[in-house]
Amino acid sequence: MTIAQAARPRVAERLSLLDRYLALWIILTMAFGVGLGNLFPDVADAINSASIGTTSIPIAVGLLWMMYPVLAKVRYEELGKVKGAWKMFSVSLIQNWFVGPVVMFALAWLLLPDQPEYRTGLIIVGLARCIAMVLIWNMLAEGDNEYAAVLVALNSVFQVLFYSLYAYFFVSVASSWFGGGEEVHISFWEVARSVLIFLGVPLVAGMVTRYLGIRHKGRDWYENVLMPRLGPTAIVGLLFTIVVMFALKGEYILDVPLDVLRIAAPLLLYFLIMFTVSFLMSWRLRFRYPETATLSFTAASNNFELAIAVAIGVFGIESGQALAAVVGPLIEVPVLIALVYVALWARKYFFEPNGAARRRIGAGMTAEEPVA
């Protein structure tokens, strides 16, 4: 171990307080919301009264805000670099838009064949490719931050263009092949409307914020002053949304505590499978370690903010689909932190000290090689 590595903070210590304990905050927020809904039943009536048609204003505000800071971080100006590394970006698109959705679809049907609402919620999560937290996991795993920024921007564009089509196909068409078509009713336009509102609006706002901020204040101010202040408020928006959701679903949640464990099982397998397959695929294609880490974490992470927004927008705040989507970040955060350690550990077996891929696992290792 080098002196620099010995002095480097541990993975968890490099996370902000909000990010480090996000799973705990979500659990506490769920409990608070359930308690609020049970102790003060009038709260649900007050929340429901603040609506326009079928849209809850508090929920809409929470959903839009948790997406806006995330999308303001995305480096859209980096998209032009895709053509310079087309092989890596092609692999990422395959991992994110073919392998990932199929793996989650298979796991949801395999482990939740009798729970169509939870199953659909998980499928929705699997289709929402990561555009936020992956930047943190990639940084901690010492991946390529520049490529990660481009992949995030690329996934943002793809989600606007194709998420509605994917959701309709996997939930309504593909599910009907297994006898699930009559159990789940989903309209392409319902999904498209939710995506346009809860992804399109904050996407435009984020792009405008980034353009104006960098133009008038400079990139250094935008990245190192504004974003550290604006970014954490996305988690506040997420936690606010969860409080409202669980305040409305308090009695229901108390009746199905074991359902959370059933939802968690396919999620856990999904993250592990996607990371392992992507890591080995990238290594076999002779990508360097930083690129391999970036591809692996981009493929294994999900945009749970979008999944929650779509689940609520299409199926309602009290639906099983919304509950499944909320469980997503509860499982993703601790698992992805653990996978950061796995990536740093695997680096010394699969890659040379300079980051180049080894032809054989562990070949040529010496005691002096850096360790995670």
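This briefing walks through a few helices and loop residues of the structure above. The model is predicted, so to speak of local features takes a pLDDT of at least 70 and side-chain atom pairs count only at pLDDT 80 or more, while totals for chains, interfaces and linings use all residues. Numbering starts from 1 along each chain as its sequence is written, and side-chain values use heavy atoms, with hydrogens and water left out. Helices here are DSSP runs (H or I, at least four residues), numbered from the N terminus.

**Helix 7**
- Ten of the twelve residues of helix 7 are buried, where buried means under 20% relative accessible area, exposed over 50% and partly exposed in between, with a 1.4 Å probe and protein chains only.
- Among the buried residues of helix 7 are Y118, R119, L122 and I123.

**Helices 9 and 10**
- Helix 9 (residues 145-176) and helix 10 (residues 188-217) pack at about 155°, with axes 9 Å apart; axes are lines fitted to C-alpha atoms over the stretch in contact, and angles run from 0 to 180 degrees between N-to-C directions.
- That angle makes helix 9 roughly antiparallel to helix 10 (over 145 degrees; under 35 is roughly parallel, 65 to 115 roughly perpendicular, and the rest oblique).
- On the helix 9 side, residues including Q159, Y163 and Y168 take part in the meeting with helix 10, whose residues there include F188, V195 and L203.

**E223 in helix 11**
- E223 sits in helix 11 (residues 219-230) and is partly exposed, at 21% relative accessible area.
- E223 touches R75, R210 and P228, leaving aside residues up to four places away in sequence; contact means heavy atoms within 4.5 Å.
- The side chains of E223 and R210 make a polar contact at 2.7 Å, that is, a pair of N or O atoms within 3.5 Å, one able to donate a hydrogen and the other to accept it.
- K73 is 150 residues from E223 along the chain, yet their C-alpha atoms are separated by 8.1 Å.

**Loop residues**
- S319 lies in the loop between helix 16 (304-315) and helix 17 (320-350), is buried at 8% relative accessible area, and its side chain reaches the backbone nitrogen of A322 at 3.1 Å.
- R286, in the loop between helix 14 (257-284) and helix 15 (289-300), has a positive phi of about 70° although it is not a glycine.

How values were computed
Helices (H or I, at least four residues) and strands (E, at least two) are DSSP runs, numbered from the N terminus.
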